[in-house]
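Here is a walk through one structure.

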Amino acid sequence: MAPRARHNPFVIEFLRSVSRSLGRFLAIVAIVAIGCGFFAGLRMTGTGMRKSADIYYDGTELYDLQLVSTLGISENTVERVAETPGITAVMPSRSVDVMAAIGENQVAARVTSFDVEAAKRSSSDGVRVFSEDDGYLNRLILRTGRWPSAPNECVVLEERAEHLGRSDTVDVLYGATSLDDVLDVRDFDVVGTVSSTYYSLSSSLATTTLGSGILEQAVFVPEDAFDPESPYTECFMRVGDATDEITATEPYEAEVQKVEEELEIELDSFANERREEVRAEAQETLDEHRADFEEEKAEALAELDDAERELEDGLAELRRNQATVDDSEAELASGQADYEAGLAEIASSRKRLQDGEAAYASGQAEIASAERQVADARTQLADAEAQAAPEIERFDAAETAYQDGLAAYDGAVSDLVAQFSALTPGASTPEEIQAALPAVIEQLSAAAAAGVPGAEEQLAAARQAQAALDAAIPELEAQRAQLDAAEAELDAARPQVEAAKARLAEGRRQLESAEAELAAGQAELAASRRQLDDGWAQLGSAEAELASAASEIASGRAQLADAQRQLDEGWDEYYEGKAAYERERQDALEKLDDAEKELDDAQAEIDDIERPDVFVLDRTKNYGAQSYANDSERIDAIASVFPLFFFIVAALVALTTMTRMVDDERSLIGTYKALGYSTATISAKYLAYAAIASGIGAVIGIAFMSQLLPWVIPEAYGIVYTIPHRPFPLPIEPGPAVSSFLLGLGCTLTATLVACVSSLRETPAALLQPKAPKVGKRILLERIGPLWRKITFSWKVTLRNIFRYKRRFLMTVIGIAGCTGLLVTGFGVRDAISDIIDIQYGELVGHDVMIGLANDATTGEVADVVDYLDETGAAGRCVIADTENVVVRDASGKGDDHAVQLICPENIDEFCEIRTLRERIGHAEVPFEPDSAILTEKLATMLGVGPGDAIRVFEPNAVGNVTDLGHEVTLTGVTENYIQGYLYLGPEAFDEVFGDEPSYDTIYTTMDDDPEKRTEIAKHLQAMDDVDTVVFEDDMIETYSTMLRSVDLVMIVLIVSAAALAFVVLYNLANINISERVREIASLKVLGFTRREVDAYVFREILLIVIGGALVGLVLGYFFEAYVVVTAEVDAAMFGRSVHWPSYVYSFLLTMGFTVLVLLAMRPKLARIDMVESLKSVE
Amino acid sequence: MAFIEFRDVRKIYTMGDVEVNAVNGMDFDIEEGELCVIVGPSGAGKTTVLNMLGGMDQVSAGTIKLGDRMVSAMDERELTLYRRHDIGFVFQFYNLVANLTALENVELASQICDDPLPAEEVMEKVGLAHRMDNFPAQLSGGEQQRVAIARALAKNPKLMLCDEPTGALDYKTGKQILKLLQETCQTMGRTVAIVTHNLAFTQIADRVIHVHEGRAKSVETNGHPADALTVEW
């Protein structure tokens, strides 16, 4: 080759060949631009995102490491941390998660202290914060308003304020843990809004145990708002050596790692130290308390003893008094008895006296009457004596007469009886003798008859005596009779006389006794008179005595009553006092016991204070920083796959183009060869051609895409991140740029070499001959005779042509497949994100509001809320469940934490009406039984588990850390779900896992769409005591809608890229096909093919390939989309997994549309083909 | 009235600033059923004549009539239909579609016209019944040209136009092709026009038109044309 290149005909020819085949040249430029651009752009995007983040993080001094402890952090620890080599700044801070009323919302918020003075001294350009305070980390950027100047003033996150609605106040309601001794101020005035690098993900700041589990707002308050005694909750650190490195890159992580390891060595010691501090502090307080207690106890006991003693004294006195009173009373009683006896005596004396008087009076009367009687009797006696005197005298005479007569008669009878005494012994009276004589005569007669000697004489004497007797008797008898008559007369008179005499005697005697009696009576009366007079006198003195005794008694009684009353009062007092004392004593003792127990408990607590868990966290544990880093890595992942595809297409385009070029210039190559140019020189022409084309393409592509993609993609993400964009022009990263440039160049150059190597091997002679036309080939389809015969010839040609040029076919199919695939990916990603909302809220979740009650809410309180909701008429069916924010890990319990909402419904059937549990593929129902444990799909995938596998569930402590071993749960199913993660447990399963009954404290329901009504109900609900949280799913829907809008931007990029790909490939294909077939086309024209027929003849082939390519693209797109969706997916959500059929249709139609555009553009070129070409000789 | 009439046909090409009068007042007639040979040296304008007669190019001035149709007045669309229905074209380099078999190449033409001859029949007539299913690349040059003639014939055209039909063939094969064309004319009564620079062909023609510098220098009729196989050159 001649040294003067400018005039080198070879070079000139080269330049001309470029200008003559500009289309071909531009095709290579374009495809390489697309390939390299995408590759470089995507690669720069991930890096760029990390750099943007780094600028922001470094500019705001975001912490590199953070120390947290479950027992807080003391000044000592902070000092020790600061001494750790590699740490160049430390900033301790206090924060606490609370439920707060912000405007009309009741949300979970984190209250964090910050150095207001440092903030005031700082200045910001919106991305960086400049401050002289080296220890001021996590610097806040003031967006609106001013910095707080009082403890009750705060600033909140601008991005969240925008989202939640601005409010002038933040009222802390309650904390995740007790706020006593932590937060001194509860009601804050919002004086400004800020951006915090600590919360770079504005859609969800962090997880919390409160509310719905997502932190909704961050509240930054002056340090004075916290109790100065409370320990720091975290300590932020800067690792000086890491500042120069880009965040989330390996060098950065290595630097941080070094210090982190240093710190980790110290963690045990920090923990021990902290435990000792806390213990010592607590012990000191407790000891003080115990001392106070002991003192108080002694005092109390002493007081009690005093009181007891007083009571005892009182009792003794009372008892003494009582005895006195009792004695007096007894005395008084005996006095009274005496008095009463006296009274009785007086009464009886008086009675006796009066009786005596009466008796005396009657005695007097008697005496008087007796005197009268005596007088009367004397008179009567005198009268009677006078009367009876004559009769008595007569009688006495008659009696004397009679006594004389009787004495005569008795002499006579005694003479007779003496006469007969021998004969009738024993007979004493004449009658007895008379009566006994007969019997004696008979006996003497009998005895005389018996001859008894003397008897006759006796008989005769007896008979004579008898006869004498008989003569005497009548005389006697007469005497007798006289006598008797006298006697009778006497006797008759005698009684009278006797009586009279007796009467008189009696009278005399009586009179005498009466007179005697009277005299005695008179004497007696006189004596009794004397006695009576004495008695009266005595009575009078006794009465006087008694009267004085009575008055004495009365006064004694009055005194006694007084004494008794006083005494009674004394007793009452005493008993009251005693009861009070007993009560007080009991109380005091109980209180003392309680206090002592409390102290003991406190002591036990102190003894039980475990070593705190102390962690060093780096930025990967920061929700925003890590998810941004993850997103940037996702882009890297996509960057490593997609551009590869573009490079394949670029290589194929280069291959076909260069093959065509070499073929076109076959005779030229032959000529050069014949002229003696070396193979290397000739191939250099083509290599240079390809190199220049791809070089230009690469530069254009890299330059353009390095601005576009690193801007568009973070822009799409930017809606949820607060990380500011870098200003244009974005720096071109040399690594991706160079690698992309070389890759693009390598592809085309390799393709070019492949293309020209076969031609260059041929001899010049062969090259100068026209290339033998490619032998027509039968294709497989022709073997199907009947079908083939039905096809028209133009179609036959088309079909045969399609398979004739394999490279072109491959290029087009791959290119178009890529185009369609990109479109499917774009539409599919859109579908995937819209599915999140559509399926989640259209098919799976049937409620749009969740009302969380306090953990200790009773069924009654839950029912109250349900009743209220029913009353409003705006709410649908209420389903009650236990909802807990838990953490799950894999079965080993050592893997990553995944925050999950555990839901255990009270009634599974009702719950299944508002939550559809089904498999994503096939929509088979996932059975939910009381013993079921069902995990949502994304989580199951991340944990790598399925039904039958075990996971571990942890109940995190107040600051969200896992501190126990958790509970194992064996899954029974996996269910489709897109937003957040859920673990559904049946009540039995819940019981089995936690050994505890679920507390049904959450209500899921639907609510009227009217926002005013919603606000009103929400307000009312939040005002109810037991309602903790009211979460509307709208917020979630809005978040994902925003995401969807941001994806549209990416869609545009994808569609434009797809179109570019299609244009380049199709243009190239059509161009080659037409230029290669100019002769054939001209012939057809000559044959009388109409323009349409000619177009069809050429384009049909292209269309067929495009259709084939597009069909392949649909399949390819399916996989692309799946890859992108799975790669780009954020952890908090599962994107829809299926591409909707309209997306396939759109992608297909768009591809066809691009094709038609290209073909329409090519039509004039076809029309321009001159029929004369057909007459020309074959080259 | 002749079957084909050229009346003062002119064709002026503008190439940059230069105007070239490729055909400059061409006048001739061709009767129906004649085998006409248009002969002249390179650059004489015979290809232009062929183009205009074949409906591939429009006249700048003058009239061309074929039968009762005024070809020179046709617009592009009418020309297309004219080529389609009235003209059978035989190229020097056959211009067969490589991807179609011999028979298919014939059918390719016949399918687009109204009253085609059966392709197989035509193939038999050109003596290629046995090669019908071969691809052009599998055929010799002569065979390919036969296929091309069959393709032209199958359209049942009013005029068969042949552009140097033997130009790419060897002498012997060329003669056979000429013979085929002559037979076509004689036995089938086709009007055949052959454009060539080879004066030897004039012997077989019914009419010979000598073209020179854009004009028909002379038109001869030949009462007894020779058999093509006897012609030598």
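Two strands count as paired if DSSP finds at least two bridges between them. This is a predicted model. With that rule in hand, look at chain B. Strand β3 (residues 35-39) of chain B runs parallel to strand β9 (residues 207-212) of chain B, and 4 bridges join them. One residue pair can be picked out: B:I38 in β3(B) has B:I209 in β9(B) as its bridge partner.

Now widen the view to the sheet around this pair. It is open and has 6 strands, in the order β6-β7-β8-β3-β9-β10 (chain B). The pairing is mixed. Which strands stand at the edges? They are β6 (87-90) and β10 (215-221) of chain B. Each has a single partner strand, so one side of each is left without a neighbour in the sheet. From one strand to the next, the twist averages 20°.

A helix packs on this sheet: α6 (residues 171-188) of chain B. Helix α6 touches β3, β7 (159-163) and β8 (191-196) of chain B. The direction of α6 makes about 155° with that of β8(B).

Next, the contact between the chains. Chain A puts in 25 residues and chain B puts in 29 residues. On the side of chain A that touches chain B, the elements giving two or more residues are α16 (793-802) and α24 (1078-1086) of chain A. Which element gives the most to that side? It is α16(A), with 5 residues. Sorted by class, the side of chain A that touches chain B has 11 nonpolar, 8 polar and 6 charged residues.

Definitions and conventions:
Residues numbered from 1 in each chain as written. Chains lettered and ligands numbered in written order. Predicted model: local features only at pLDDT ≥ 70, side-chain atom pairs only at ≥ 80, totals over all residues. Contact = placed C-beta atoms within 7 Å. Nonpolar A, V, L, I, M, F, W, Y, C, P; charged D, E, K, R; others polar. Axes fitted to C-alpha atoms, helices over the stretch in contact; angles between N-to-C directions.
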